[in-house]
Amino acid sequence: MTQKKYVLQESDIPTRWYNIAADLSSPPPPPLHPATHEPIGPEALAPLFPMELIKQEVSQERWIDIPDEVREAYRLWRPTPLIRATGLEKALDTPAHIYYKYEGVSPSGSHKPNTAVAQAYYNKQEGVKRIATETGAGQWGSSLAFACNMFGIEAKVYMVKVSYTQKPYRRSMMQIWGGAVVPSPSPDTNAGRAILAQDPDSTGSLGIAISEAVEDAAMREDTKYSLGSVLNHVLLHQSVIGQEAIQQMEMAGEYPDVVIGCAGGGSNAAGLMFPFLKESIQGHHPKTRFLAVEPASCPSLTKGEYRYDFGDTAGMTPLMKMYTLGHTYMPPGIHAGGLRYHAMAPMLSHLHSEGLIEARAYTQNPCFEAAVQFAATEGIIVAPESSHAIKGAIDEALAAKEAGEKRVIVFNLSGHGLLDLQAYDDYLAGNLIDDAYPAEKVREAMEGLPVIA
Ligand SMILES: *Cc1c(COP(=O)(O)O)cnc(C)c1O
């Protein structure tokens, strides 16, 4: 019988994070000061982040030790299983072997605690009492609330309003873990009040919520800011996913031909891909392909431009070079709230621009169709975000069938969808719209980008 699950021991949890910056032939362009457009040094980030995370943000070291307290926290749910999708393979009648790394086994149900516990730990070490953050679908907010609770820190979460209404149970999770949650745009910050004055019915966006959380942290001495994706140190922490998957693929006696992740800000995709990319860059497996899958209504990699832009709507963050749709772009309220970010992690953007990572976009209905097929064949009801990776994996498996080739596919199943059943109801009732790409809205947003000399 084919082995179904590849399970590691707690002693196999990685002891170091992998930093892909050490293995790049050309470094990604530096972040720039929002006003002067000069490259910024680490000190510019000091009001927002603890020093140790800033060091990681700019580090060129290949390996960074994981503190014992963080590994201890990881032991609650790591190592996560790697599962062979035998049921899905059979249903597709494909010669491809499909594996998925299942990050839904964490307390909050996604990959996000991998970085949340690390960030809470470093803040605690540096005496921070309170962390402000934003959340889209609520996965990040709940993960950070969980981690803050673990390390005795207060959490204030600005939650994108469309998700606050659509996904009330994630708010409950944050509150159970002791976090304070408000819908964004909120009246608690200047950024929120300005948006509400223009558009009282604003459904919010990750960009707006980031502006609010950054402002909160910048205004208070006892508070730092925390980001659940996009930044280098977040991608770094997620490298435990790929490092474990490499060990598990060795147990299976196979190596992936294609590695797939859904991409919102880029952290779970990077977490799975970068340790495998290291193997490719070093020439061990040069033919392996890497595929980031995004929603057609927020297609930063496939339709955006590779330019300097702000990370938030209000234009308060440093400028980062990334694939962007424009920082004022407001994506439609699709159910995969975690994929509604206007841009893509600078590191993942850089690797895409160098041709190392491919990208593809899908509309919602085919993704939910893939998710329902997955639930029927593998049992797990996945997050709407993760359904994009599944749709990508299914299409790769069907392409392998077409070519008559046994290809090995590994994708990241970034989270379960047990708190997203409203989305499934809407899909099953035929109420989901496949939004066309809003070219005009993107064009308008792109006009607002700063021009860098
Ligand atoms: C947040 C989230 C995502 C998107 O974020 P990335 O930084 O792109 O990984 C994807 N899947 C799930 C389940 C999430 O919670």
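This is a predicted model: local features need pLDDT of at least 70, side-chain atom pairs count only at pLDDT 80 or more; totals for chains, interfaces and linings use all residues.
Let me start with the overall picture. The chain holds 18 helices and 15 strands, and its C-alpha atoms fill a box of roughly 60 × 50 × 50 Å when that box is taken along the principal axes. On burial, 62% of the 453 residues count as buried. As for contacts between residues at least 6 apart in sequence, 77% of them join residues at least 24 apart.

Now to the helix pair. Helix α4 covers residues 113–125 and helix α5 covers residues 139–151, and the two pack at an angle of about 40° with their axes 8 Å apart. Angles under 35 degrees would count as roughly parallel and those from 65 to 115 as roughly perpendicular, and α4 and α5 are therefore oblique to each other. The crossing in which α4 passes α5 is right-handed.

Which residues make the contact? On the α4 side they are P113, T115, A116, V117, Q119, A120, Y121 and K124, while α5 contributes W140, S143, L144, F146, A147, C148, M150 and F151. Sorted by class, the contact of α4 with α5 comprises 12 nonpolar, three polar and one charged residues.

Definitions and conventions: Residues are numbered from 1 along each chain as its sequence is written. Side-chain values use heavy atoms; hydrogens and water are left out. Axes are lines fitted to C-alpha atoms, for helices over the stretch in contact, and angles run from 0 to 180 degrees between N-to-C directions. Helices (H or I, at least four residues) and strands (E, at least two) are DSSP runs, numbered from the N terminus. Angles under 35 degrees count as roughly parallel, over 145 as roughly antiparallel, 65 to 115 as roughly perpendicular and the rest as oblique. A crossing is left-handed if the near helix is turned anticlockwise from the far one by less than a right angle, and right-handed if clockwise. Contact means heavy atoms within 4.5 Å. Ala, Val, Leu, Ile, Met, Phe, Trp, Tyr, Cys and Pro count as nonpolar, Asp, Glu, Lys and Arg as charged, and the others, Gly among them, as polar. Buried means under 20% relative accessible area, exposed over 50%, partly exposed in between (1.4 Å probe, protein chains only).
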